[in-house]
Amino acid sequence: MQLILAIDIMNGKVVKAFAGLRINYKPLNLKNEDFSDAIKLINQVRKKVDLKKVYIADLNSISKTGTNEKLIDKILRKFPYLIFLIDSGFDYPISVYKYHRKKIAKKIDNYMVVLGTETMKNFNLKSYNILGEFQLSLDFNGKQEKWLRKIKREKFRTDVILMFLSKVGGRGVNLNLIRKIYNSSTFKQITVAGGVKTKGDVSQLSRLGVKNILSSTLLHKSVSRDSL
């Protein structure tokens, strides 16, 4: 089981996510200390956890209200030994292609793009394969059943993040639903995001066969305590 730190960035700051209600997101504060600086947060988590991957959601890019690309580039350069999963609201294959071209020009390669079903407009999933390795984020926002049927119909095999937006902020996990998806899908590897708040949740998900947990709440606890 691998723990992946989730970072939501809005207007240049790390924000505290809760229940997917982005309008209410505030700069991250832990134990009355400002942790809205992504580099500071990553450094502190690394002191307590054997961190290998970090997920970054550029909320401005996702909502089409701007971009945090320069800051994200700075973060990737600061931690060249970490792999970053980048969700920047990619919609069509051309947006992924342009993103890769920019990173190649800047000689940045320690990242993988995340294609979120919340923003994807091209439903031909295989058209993204030629653009390199990626992770699919299946966003539970009311349209997930359509995507699950499509993925199963196309026999599309990929790693997937089950993104429970309404559960973000440690609001609990739906083990029965995750078990159902795990047993009936063609996914190669499943990552669960949203709702995980205790080591007990981690143990239960591990027994289900989940390989990765993407969390902010759980790893923020490592900053506030002596250990996770």
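**Loops, strands and a helix pair**

Hi everyone, let's begin with Lys64, which sits in the loop between α2 (59–62) and α3 (69–78); helices here are DSSP runs of H or I with at least four residues, strands are E runs of at least two, and both are numbered from the N terminus. Before going on: this is a predicted model, where local features need pLDDT of at least 70, side-chain atom pairs count only at pLDDT 80 or more, and totals for chains, interfaces and linings use all residues. Residues are numbered from 1 along each chain as its sequence is written, and side-chain values use heavy atoms, leaving out hydrogens and water.

Lys64 is not a glycine, yet its phi is positive, about 60°. Most residues other than glycine have a negative phi. Lys64 is also exposed, at 54% relative accessible area; exposed means over 50%, buried under 20%, and partly exposed in between, with a 1.4 Å probe and protein chains only.

Where else does a residue other than glycine have a positive phi? Lys31, with phi near 55°. Lys31 is in the loop between β4 (29–30) and β5 (33–34), and its relative accessible area of 66% makes it exposed.

One more lysine, please. Lys106 belongs to the loop between α4 (93–105) and β8 (111–116) and is partly exposed, at 31% relative accessibility. Setting aside neighbours within four places in sequence, Lys106 contacts Glu69, Asp73 and Arg77, where contact means heavy atoms within 4.5 Å. Its C-alpha lies 8.7 Å from that of Asp73, 33 residues apart along the chain.

Now to the strands. Is β6 (residues 53–58) mostly covered or mostly open? Mostly covered, with five of its six residues buried. β6 pairs in the parallel sense with β1 (residues 2–10) over five bridges; pairing requires at least two DSSP bridges between the strands. There, Ala6 stands opposite Tyr55. Five bridges also join β6 to β7 (residues 83–87), again running parallel, and Val54 has Phe84 as its bridge partner in β7.

Last stop, two helices. The axes of α6 (residues 175–184) and α7 (residues 199–208) come within 10 Å and cross at roughly 25°. So α6 is roughly parallel to α7, a term for angles under 35 degrees. The axes are lines fitted to C-alpha atoms over the stretch in contact, with angles from 0 to 180 degrees between N-to-C directions. Leu175, Ile178, Arg179 and Tyr182 of α6 meet Gln204, Leu205 and Leu208 of α7. Thanks, everyone!

Key: Parallel < 35°, antiparallel > 145°, perpendicular 65-115°, else oblique.
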